[in-house]
Amino acid sequence: MSLTRRLLLGSTVVIVVLVTAIVTIAGSRLRSRLRAETVADLTRSARTVALLWQPGRDADSLADAAGAALGRRVTLVGRDGIVRGDSKFPQAALRRLENHATRPEVVAAMDSGVGVAYRQSASAGDDEMYVAVRHPLGYVRVAIGLDSLNDVVAGAQRDVIAAGALALLGAFLLAALFARSVSRPVIELRNVARAVADGDLTRRPSLNAPGEIGDLSAAVHRMTEQLAGRLAALQAEEALMHATIDALDEGIVVVNGRYQVVRLNSSARRLLAVPDAVPFAADRLPPGRTLRETLRAAAAGESPDPAEMDLDGRILALVGRPLPNGGAVLALQDLTARRRLETVRREFVANASHELKTPLTVVSGFAETLVDPDLSRDDRQRFAAMIRANAQRMQRIVDDLLDLSRYESGSWKPEPRRVDIRQTATDVAGSLDRAARAKGLALSREIPDDAAFVRADAVALRQILSNLMENAVRYTNAGSVTLFASREEGGVRVGVSDTGIGIAPEHLGRIFERFYRVDAARSREEGGTGLGLAIVKHLAEAHGGSVRAESVPGQGSTISVLFPDEPGGRAG
Ligand code: ADP
């Protein structure tokens with residue numbers, strides 16, 4: 001029930017109870033006081049009439065006169081009980097009246113001098129109050145109808161009820177006014193509190209309610225402001241934490257005490273390939289004993305040792321730690337690239353050692369043999385030539401290794417400037433002229449005017465063209481080797497094409513790897529180190545360019561480098 005209704009009902013009940021009590025109590029007290037006063041009044045009247053009743057006086061006329069003067073019924077009764085006069089009856093009717101000697105008031109007056117009685121009049125027929133006083137000649141009795149007495153009481157009661165009705169009306173008005181000023185702000189407060197509890201922190205109670213309700217409104221207002229402020233701060237903090245965790249390169253997985261994943265940053269999603277929205281059961285994470293055990297141990301409050309696991313070809317490092325209030329956090333790190341790098345390094349050292357080992361064995365073997373004094377001059381010269389050839393081979397390997405390590409160390413930076421490709425081609429072809437001629441190969445060039453200059457590091461361009469030309473001559477038995485340049489969208493392509501043995505498709509993608517060779521024996525025989533194209537690729541990329549290899553086995557190969565134009569202008 002609403003506050004207003006309860007207020008109205010409450011005041012109605014109070015007023016009705018009060019009015020009923022007043023009507024009942026005051027009515028009965030009024031009645032008894034009125035009766036007492038009337039008895040006293042009637043006694044006084046009877047005594048006054050008694051003074052006038054003298055022997056010899058006509059009793060009936062006295063009764064009539066006194067009755068008219070007092071406005072009461074006056075009866076004079078003889079000592080024998082016979083009515084001598086009555087203001088209500090004419091003289092002639094008196095004789096028909098009963099003997100009054102047995103009337104209770106007369107009987108009482110006989111004993112104590114004054115008698116009082118209430119009853120229905122036997123002679124007059126209505127409810128009357130009788131007071132009789134003793135007199136030497138008999139009894140003087142004065143009576144009054146009780147109806148007038150009851151009328152007074154009823155009138156008083158009506159007045160009280162009317163006043164009560166007025167009070168009720170007033171109370172209704174007051175209650176309505178009170179309800180307006182109290183229950184309205186209370187209802188508003190209730191609605192605001194409900195809205196706030198439901199998460200709508202924009203709602204505020206108005207601050208114009210009076211008294212304590214006003215104080216309450218102000219307090220709720222302040223509380224809501226503080227709540228909104230704290231919530232905003234919390235949300236900002238949470239957003240910052242979210243962004244921070246999401247920006248981490250490490251994967252982060254958080255499970256709660258019920259073993260449910262409640263947070264998963266984007267790195268963890270990527271590493272574990274989990275598309276599900278949080279929260280979800282931790283059992284839905286990718287299977288794997290290491291992951292399960294680490295997570296279970298951490299969730300059980302332990303701090304397990306860091307572990308590694310293999311997931312779809314990736315190597316992941318796992319660190320699990322318990323959370324203070326139950327649950328665990330799991331950090332994931334992708335070790336794939338690092339492990340691959342370590343493998344590449346290991347293989348590189350093994351390859352380099354292997355490359356150097358053969359010539360070194362040859363050199364030391366022939367050197368030992370040379371010590372023999374019985375060796376013929378021809379053999380001595382032959383062995384010395386072998387030693388020189390292998391020493392030169394080692395020299396080339398070491399030179400290439402040094403170049404490669406210099407370029408890869410990061411300390412070397414190309415110094416691009418406008419380089420004349422034709423000039424560089426002439427220089428490179430000059431140094432290979434003899435080898436080409438020995439194989440009967442024609443060296444040619446195709447360098448159009450719009451691709452005659454390139455913006456590159458001169459030494460690097462020379463090394464690139466030299467390595468490509470050496471390879472072309474090395475792997476071509478007959479035909480021609482062409483150094484070409486062409487203008488392309490975004491840069492100048494410089495390369496060498498030959499009519500050589502070509503490269504099978506399965507090798508084409510790998511020839512730029514260090515020490516990768518299609519035919520290791522032929523490469524060594526021809527003086528190759530297996531590092532030439534790795535150097536070319538590195539130099540090209542240092543210029544922001546790229547390498548490309550195309551080949552038809554048995555028909556020839558084209559290997560080229562694209563040098564991009566400088567932003568905002570064309571080289572040459
Ligand atoms: P190498 O010193 O052995 O030539 P490179 O790194 O220069 O090493 O080349 C790697 C491998 O690529 C070579 O061993 C060879 O098998 C292949 N190759 C490179 N250039 C050519 C070419 N022009 N024709 C055929 N094969 C080639």
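Biologist: Hi! Where is Tyr259 found?
Modeller: Tyr259 is in the loop between β6 (251-255) and β7 (260-264). Helices (H or I, at least four residues) and strands (E, at least two) are DSSP runs, numbered from the N terminus. This is a predicted model, where local features need pLDDT of at least 70, side-chain atom pairs count only at pLDDT 80 or more, and totals for chains, interfaces and linings use all residues. Residues are numbered from 1 along each chain as its sequence is written, and side-chain values use heavy atoms, with hydrogens and water left out.

Biologist: Thanks! Is Tyr259 buried or exposed?
Modeller: Tyr259 is buried, because its relative accessible area is 11%. The cut-offs are under 20% relative accessible area for buried, over 50% for exposed, and partly exposed in between, with a 1.4 Å probe and protein chains only.

Biologist: And what is the phi of Tyr259?
Modeller: About 60°, a positive value although Tyr259 is not a glycine. Most residues other than glycine have a negative phi, and most peptide bonds are trans.

Biologist: What about Asp312, where is that found?
Modeller: Asp312 sits in the loop between β9 (307-311) and β10 (314-322). Asp312 also has a positive phi, near 50°, and is not a glycine. With a relative accessible area of 76%, Asp312 is exposed.

Biologist: Peptide bonds next. Which kind joins Val278 and Pro279?
Modeller: A cis one, with omega at about 0°. Pro279 lies in the loop between α7 (266-272) and β8 (280-281).

Biologist: How far apart in space are Pro279 and Arg289?
Modeller: They are 22 Å apart, C-alpha to C-alpha, and 10 residues apart in sequence. Arg289 belongs to helix α8 (residues 289-299) and is exposed, at 67% relative accessible area.

Biologist: New topic: how many aromatic pairs does a search of the whole structure find?
Modeller: Three. Rings of Phe, Tyr and Trp (its six-membered ring) pair if their centres lie within 6.5 Å; planes under 30 degrees apart count as stacked, over 60 as edge-to-face and the rest as tilted. One of the pairs is Phe348 with Phe515, whose ring centres are 5.5 Å apart and whose planes are at 35°, so that pair is tilted.

Biologist: Great. What volume does the largest pocket have?
Modeller: About 700 Å³. On a 1 Å grid over the protein atoms alone, a pocket is an open set of points where a 1.4 Å probe fits, with protein on both sides within 12 Å along at least five of seven lines; lining residues have an atom within 4 Å of a point. Grid points are joined across faces, edges and corners, and a volume is the space filled by probe spheres set on the points.

Biologist: Which helix gives the most to that lining?
Modeller: That is α12, with nine residues. Elements supplying at least two residues each include α10 (377-409), α12 (458-474) and β16 (491-498).

Biologist: Last one: where does Arg522 lie?
Modeller: In helix α14. Arg522 counts as buried, at 19% relative accessibility. Arg522 and Arg95 are 177 Å apart in space, C-alpha to C-alpha, and 427 residues apart in sequence.
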